[in-house]
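Student: Hi! Could you walk me through this one while I have it open on my screen?
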Amino acid sequence: CTEGMEELNHDPEGVSSATAGSFMNTAILEGVNTGLNRSHRLNNELMQVTVSLTEGNTVFHRYVLFPSESDYMWSNYYLSLTNIEDMIQKAKAMSQPNYLAIGLTLKAWLFANLTDIYGDIPYSQALKGYPNYVVNPTFDKQEDVYKDLIAKLDTANTLYDVTKTLTLGQDALFGADKSTVGTLRWKKFTNSLRLRLLMRGEAKSPAFQAQIKTMLSSPDKYPLMQSADESAALKFTQVTPLLNPFTSTRDYDFNGANAVSEFFIKTLSTWSDPRLDLWATKTSGKYTGIPSGYTIAEGPAMNAISSSKLNKNLKTSLILGTILQHAEVEFLLAEAALKGYTTDSPKDHYEKGIAASMKYWGATQPTDFLTRSGVAYNGTLQQIMTQKYIALFFNDMQQWFEYKRTGYPVLPVGKGVENNGKMPMRLKYPLSTQSLNRANYDKAVAQMGADDINTKTWWTK
Amino acid sequence: LALGFGVCHVQVSQAQEVLNNKVSVQAQNQSLENVLSQIEKQTGVRFVYAGSLISEKDKVTFSAQNQNLKQVLNGIFSNRNIDFSFSGNNQIVLKASPKSQDHTSVSGKITDAQTGDALPGVNVSVKGTSKGATSDANGNFKISISDKDAVLLFSFVGFSSQEVPIKGRNHLNVQLSEDNKYLNEVVVTALGIKREEKALGYSTQKLDGSAVTDAPSNNFMNALSGKVAGLNLTKTDGPMGSSRVTLRGESILDFNSPGALIVVDGEPINTSFQGVGHGAYLGGDSPIDFGSALTDIDPNNIESINVLKGPAASALYGSRAGNGAIIITTKSASKDKKGLGVSFNSYVSVDQVNRWPDYQYQYGQGTAGQNYYSYGTTSDGAGTQSTSSAWGPKFDGQLFYQYDSPRDANGAFTERTPWKPYTDNRKNFFEQGVTLSNNISITNVKDKSNTRLSLSQMKNNWILPNTGYERISLGFSNNSQISAKLSTSAKVNYYNKFSDNLPSTGYNNQSIMYFIAFQNPNVNLDWYQPYWLPGKEGLEQNHPFSSLIDNPYLIVYEMLNKSSRHNVTGTMSATYNILKGLDLTVRTGLDMGYEFRSQQRPKNTQKFQAGMYRQQNVFNLESNSDFLLKYKLPLEKTWQVTTSFGGNVLKQSQKFTNQLADRLVIPGVYNLANSEQLPLTQSDRAEKRINSLYGFVNLGYKDFAFLDVTGRNDWSSTLPKQNNSFFYPSATLSLVLSQMTNMPNWISYGKIRGAYASVGYDARLGTYNLEKIYNSGTFPGELESPNVIANPNLKPQRNNSFEAGTEWRFFKNRLSLDATVYEQTTIDQILYAPVEYASGYSSSLINMGKVVNKGVELTLNGNPVKNYAGFSWDVTVNWSMNRNKVLELNNETGSVILAKYVGSRVTVEAREGQPLGTIYGLGFKRSPEGQIVFDKDGYPVLTDQFVNLGNTNPDWRGSISNNFKYKNWSLSVLLDIRQGGRIFSLTNSILGEQGKNTATLAGRYDGIIGEGVTFNADGQYVPNTTKATNIVTYYNKWYGRDNVEANTFDASFVKLREARLAYTIPAKILRKTFLRTASIGIYGRDLFVWSTFPAFDPETSTLDNATITPGLEVGQFPSTRTMGANLTISF
């Protein structure tokens, strides 16, 4: 009675065999889109790029983070990571070193973002739901996650064969399927990401400090991004599937329910930054920001102000898909130089960073820009970090991460701000984790101290 | 010595007609010749006979009023040994009966066994001959017989037929009893097997087709509401009105599970549909109710509906029958009416909105306390026209620059106009819905075959402009007795349902109810016309207030959702009588549907600025082939044993493709060729097969004890090889107590019954679970890991049930009661259980859960007045209660989230120890005494955690149906009651948030002091005395979406579900026409609703893709009352 039944139990639309190249672009796009979504919703509000004009559960500018905010990054990144993990396994099985290197890089990108949001996270036991059926993974300390990611990126750097193109499908990020230039760019991305992670743990780990020195002293072995073109940024072509994820977002949800913040506008207008024109709208010929952290009572008044909004063009911008820009590398190098890891001129990298960001956004840098008050290099980390903050516009939650690390830029605190006026240092673990992985969650909380938005993680200042 | 003759129209051509001519005879001791000649005069016939046949002395005493000639002649000749026959030319030949020498006649009186009244018009015939007679007005009959041992057969409509052996008597009195329907009523049970109701050990409830046609609902299923104890409908709103049907409560931890099995003429039909819109709440796409094969069924074509409430009744249907089954039998030609028959049914009905939320029209658009309004920035201030809420200035006749204020040539305002409300600016958007349905059927009944053809057309214009649908149904049925041993039956129904626009549902730019929620009191609906800006037709819409809301006329006239569906359901079967008592039935049937759908959005719509066109092809097929061998053992009367053995092959197949062009080039052209980019294609296919063998034994003892035992084994393709075979048994017992022992006279019937069943379920179609299968990735040629962890060890789920019931009838059936108690436990449910995302997956397909449902079902029927001076009153009460509880989930969370809505603010969950379908969300923070806690500024505080806000299941449901009959008039009224159950209302939340209902009027704008407590400096609870100054914030915290408690309501209601007044035209009048029957009725559905629910109707649900989710109202359409008239004629 069961003849032919087994064949029927296989999905006619499914594919059971994959290659190392089967997942790459999908995983990158998902990672970028996930980052952009929260950049818009959370990062921009916490970091005073925008200010919500509505009450309810979007008052992040008052440092109110409802528990339900925690799910999105966690679920999306982990699900994307499954594809990346499959890519790594297939690359190993198929002996495809370039794919393996790329896989490790993408894995480091998303895992680093995860731990930077939550602190300790499932890492070594993660992504083993199939075939091992590990559905209750243990949590690893942030420090250990970082160490392993740094090591993985080191391995990835040595794996690249930059004389070879990718052969198992297209490469939407760097075009390494068409030219070995792309392969080299991957390698530079790997190292640039490694530098980002090393700098993040720099203050806490002598080992990291040593590795920064080693890395920056051997640029041939550890090539970094050197121009805006080499930025790891997914170019939206606006042809499916490479659509800017805000393309079909309602205007109201993109820029109607929030205004550009007073801080953001003041900061950029101080030196008449041309990037502001690309990012914000004017009302009656001028920029009008809304102060972040206004009180509930001030709500009606804020709503009555005809305020600047995010430029609607950003919804369909081809260049919003930033992972790691050349500008960030220059600011990392400026900071490294400032802290004495190299003998480079911090000013030089600082200025290159500004130029790289201008170039990336297609803004014309005024010739006197670098001498304008506030821009002209003054040798402080605060200034480097403030320019870096601008360059990290819409780059997932990097602005927040860098603020948590350095405390820069210095953000004003409004009267309506809760949480004792303190910037949240992390998101609480998702409700789903609390319920579905309770025992390990409890251990992780015990390890960290508390599952609270003010709990500091390993590298936070 | 009176002889009177009535007058009757006579037209003689055919023997049948001649003999059917109506004749009146009043003969008191008249000569036969005389009587015959009078009949000749009345009818124009001529009697031809040998002179010796009739003697002058032969006197006749006979009376007949308007009876047909044949009956009259039978009456006159039956005791005279004279046979008559028609020979053409209006001649009736009279001859002496053969064996006339042996003839005797039998006479007597026929009375009603209950009342003792004489029964006129009873047919009396001699068994095995064509001889017949009719009783006269006094119940007297006389019939000639040629055999003293003959058996007389007495039959009369509404009474049980009786056979009486003459045994040499020539006078006998006969008492006929009213038909004891309950004793030999036959019901259609599982697999289409007809059984006597008394032999059933489980609960069933049978409804006539009239239950769904007397006061028709376009979706016939909704007309069952309140008519079956234990039946629960979760309805969606909209023209199609799909509903989820459950019997005896929710047992499956998945609202997308199909609920009760629906079987049409033996073929299970597909009750689900493939959705194309996820998330009714601001999601990517609004869901659309496209209807299913179930909503396609033409109510005109339904002969009867039998509800098999529990698994014991439906176990033979296999895997899907654990939730009970609804067996629908479509019409065949009735064998009673030989020859050609035509009948015609027609109804027309109108739908009107029957309830509205309590909108406020005292304050206009604006933010809190804003004391001015300005359309755009004017000298009065910044523009306030795009504010979505109505917290603005009070309507005091003051003057503002408004949309319709006069302007100069440059468009600058020249004059302010009075600030006033437009109180019809929501209501006027809705129209009166109209439905028109016509059905014609033709039957042809011959001796050995009968055929019925039926054609229906139904057209619905719904209450929303430019929405509705049309349905054409064709039905064919044939039953043939091919030979003495072989009979066949075929039934085919075809439906074509098409719509040029079905409305998008939910709370979303593309839905009308989103617009209605945003409509402000000071906005004239007419300002939205025309819906394109002049000169920018097809490019730019007119939405003069907020770009957020699409123009409602644009939504209904341009944002179209089209559908055309073809569905065929049919079965063919043949029964061959192999030996005496041994029958083989083979049957094959299918349910096949194909649907083409499209959605189009013009340019400049909020969601699709560049326009959109999508199309779907949906194909569903289920086929079943069975054989059934049935053997009735040749035993003495004491025992009746029937054994059966059968097999079934079930195949299901589903194909779905979706092609998406989400940006268009040319405005107003909707096809894939107009796509700006290569259209995206999504595809889904699934197939499944179940092979089954089953056997059953029906054991009967002395017509009062009945035991049925069934067993079935299924082999399903959706389970892994080692677990794909599963067996399940059932046993039922029925004891007819009133037949077993002598009961007091006032007890007419008593029966007890009990049943046990264990039903196994396989996984549903499309559950592929053995190995990791990649889906197509976002990029062409790429793949994506599935989010579900495969499970190669899945096993069947199971439903174990017990039920016990009893049926009683008292006082000659004037009062009857049917009661059932049951308990069902569903274990090992095949479910996608959520897992920690860090595992790399979101869920795992596992067997889990233990859910128990216990309940009581009661049906009470009374007949307080029966035919008293032509008046009858019949009342039926249905009552049912069900309690369900999730006993075990054996997952980490102790909860399964069945539905999440409103950005996960509301969940409907199954938590261990709670009823399945409990609403969770944030609620008011409360003091230990239960008082609401307010913060230091006087605003209510919400809980930190989700709290239990009650469950969606009703405590009980009941209905009272009264039917009154007076002569040819009938009046029926059905009240339907639901007590308990909770429902979350987003409509209420939005109106509250935006200050658009009267509940938000208090405190404008001098603040409000909430009743409750607050903390004093020492952290003690003290009464709240702080006045909250910001009314908007206050009401947002009260009614805002986050406050699920304040927006969750009791879903109890009382509805005047049906009322109908009908008149049947008397046969006397019809006799002069070509009509055989005719009746006309006026009816209403859902005429009045009594409920405290603040939105439209508590009897609603939310559509998510194709899942009907109870307990949540997310932008429901207005509920409607239906009023109509129907006409039924046959000739």
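This is a predicted model: local features need pLDDT of at least 70, side-chain atom pairs count only at pLDDT 80 or more; totals for chains, interfaces and linings use all residues.

Student: What is chain A built from, helices or strands?

Tutor: Both: chain A has 17 helices and six strands. Its radius of gyration is 22 Å, close to the 23 Å from the globule rule for 461 residues, so chain A is as compact as a globular protein of that length.

Student: And what box do its C-alpha atoms fill?

Tutor: Roughly 75 × 50 × 45 Å, taken along the principal axes.

Student: How many of its contacts join residues at least 24 apart?

Tutor: If you take the contacts in chain A between residues at least 6 apart in sequence, 73% of them join residues at least 24 apart.

Student: OK, on to the cores. Which residues touch the most other members of the largest nonpolar core?

Tutor: Those are Ile28(A), Met87(A), Leu149(A) and Leu234(A), in a core of 132 residues. The helix that gives the most to this core is α4 of chain A, residues 97-118, with 14 residues. As background, nonpolar side chains in soluble globular proteins tend to be buried together.

Student: What is Ile28(A) in contact with?

Tutor: Setting aside neighbours within four places in sequence, Ile28(A) contacts Leu106(A), Ala172(A), Leu173(A) and Leu234(A). Apart from that core lies another, of 92 residues, and its members include Leu436(A), Phe430(B), Ala833(B) and Leu1112(B).

Student: Switching to chain B: which domains does the assignment give?

Tutor: The domain assignment gives domain 1 (1-97), domain 2 (98-179) and domain 3 (363-420 + 511-558).

Student: How many residues of domain 1 are in contact with domain 2?

Tutor: Nine residues of domain 1 of chain B, against 14 residues of domain 2. On the domain 1 side, the largest share is three residues, from helix α3 (residues 69-77) of chain B. By class, that side has one nonpolar, eight polar and no charged residues.

Definitions and conventions:
Residues are numbered from 1 along each chain as its sequence is written. Chains are lettered from A and ligands numbered from 1 in the order in which they are written. Helices (H or I, at least four residues) and strands (E, at least two) are DSSP runs, numbered from the N terminus. The radius of gyration is taken over C-alpha atoms; the globule rule is 2.2 Å times the number of residues to the power 0.38. Two residues are in contact if their C-beta atoms, placed from the backbone, lie within 7 Å. A nonpolar core is a set of buried Ala, Val, Leu, Ile, Met, Phe, Trp, Tyr and Cys residues joined through C-beta atoms within 7 Å. A residue is buried if 20 or more other C-beta atoms lie within 10 Å of its own, exposed if 12 or fewer, and partly exposed in between; C-beta atoms are placed from the backbone. Domain bounds come from an automatic or database domain assignment. Ala, Val, Leu, Ile, Met, Phe, Trp, Tyr, Cys and Pro count as nonpolar, Asp, Glu, Lys and Arg as charged, and the others, Gly among them, as polar.
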